[in-house]
Amino acid sequence: MAWRANLSRNLKELRILFSPSSAESAATRSFIEKNYRDLKTHNPKFPILIREANSIEPQLWARYDLGVERGIRLEGLTEEQISKALEDLVKVGASLKS
């Protein structure tokens, strides 16, 4: 998972939005619990913003250079699919730099 170390090279900010109690956000909560530490270990100064709000659908937002943002709805995705979605957002950042 070398892409995890490229998070801070290809993105400016990562935001994860989810509900602290809804069933739709269960996989997102689990993803954060299992992966946050590893992501921060590889990218200690990179801003990973975790936003909890009642009745919000789970989302993943990546901000790139020049304020460009891409978002993905996470409702219905598994932890593995969320990880793949994040990896894809990191790859988009690499292509935007080219």
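Select Lys91 to begin: this residue is partly exposed, with a relative accessible area of 46%. You are looking at a predicted model.

**Stop 1: helix H3**

Now select Asp88 and Lys84. Here too the side chains form a salt bridge, at 2.9 Å from N to O. Why are Asp88 and Lys84 separated by about one helical turn? Because they are four residues apart in helix H3, which covers residues 79-97. Colour the two by accessibility. Asp88 has a relative accessible area of 32% and is partly exposed. Lys84 is partly exposed as well, at 41%.

**Stop 2: the sheet**

Hide the side chains and show the cartoon. Four strands make an open sheet, in the order S2-S1-S3-S4, with mixed pairing. Which strands stand at the edges? Strand S2 (48-52) and S4 do, each with a single partner strand, so one side of each has no neighbour in the sheet. From one strand to the next, the twist averages 15°.

Strands of a sheet pair through them, either parallel or antiparallel.

Zoom in on S3 and S4. This pair is antiparallel and runs over five bridges.

**Stop 3**

Bring the side chains back and select Arg15 and Glu69. They meet in a salt bridge, 3.2 Å from N to O. Arg15 sits in strand S1 (residues 13-18) and Glu69 in strand S4, so the pair ties together parts that are 54 residues apart in sequence.

Is Arg15 buried or exposed? Arg15 counts as buried, because its relative accessibility is 18% and the cut-off for buried is under 20%. Glu69, at 35%, is partly exposed.

A search of the whole structure finds nine salt bridges.

**Stop 4: a nonpolar patch**

Switch to a surface view. Select Leu66, Val68 and Leu96, which make a nonpolar surface patch of about 320 Å². Click on Val68. This residue is in the loop between strand S3 (59-63) and strand S4 (69-73). With a relative accessibility of 32%, Val68 counts as partly exposed.

**Stop 5: the start of the chain**

Move to Ala2. It is in the segment before helix H1 (7-10). Ala2 is exposed, and its relative accessible area is 59%. Draw a distance from the C-alpha atom of Ala2 to that of Glu13. The two residues are 11 apart along the chain, and the C-alpha atoms are separated by 18 Å.

**Stop 6: the annotated stretch**

Terms used: Residues numbered from 1 in each chain as written. Predicted model: local features only at pLDDT ≥ 70, side-chain atom pairs only at ≥ 80, totals over all residues. Heavy atoms only, no water. Patch = residues over 30% accessible without salt bridge, like charges linked within 9 Å, V, L, I, M, F, W, Y side chains within 5 Å. Areas by Shrake-Rupley, 256 points an atom, 1.4 Å probe, with all protein chains shown as cover. Salt bridge = Lys/Arg side-chain N within 4 Å of Asp/Glu carboxyl O. Helix = DSSP H or I, 4+ residues; strand = E, 2+ residues; numbered from the N terminus. Buried < 20%, exposed > 50% of the residue type's maximum accessible area, 1.4 Å probe, protein only. Pairing = 2+ DSSP bridges. Axes fitted to C-alpha atoms, helices over the stretch in contact; angles between N-to-C directions.
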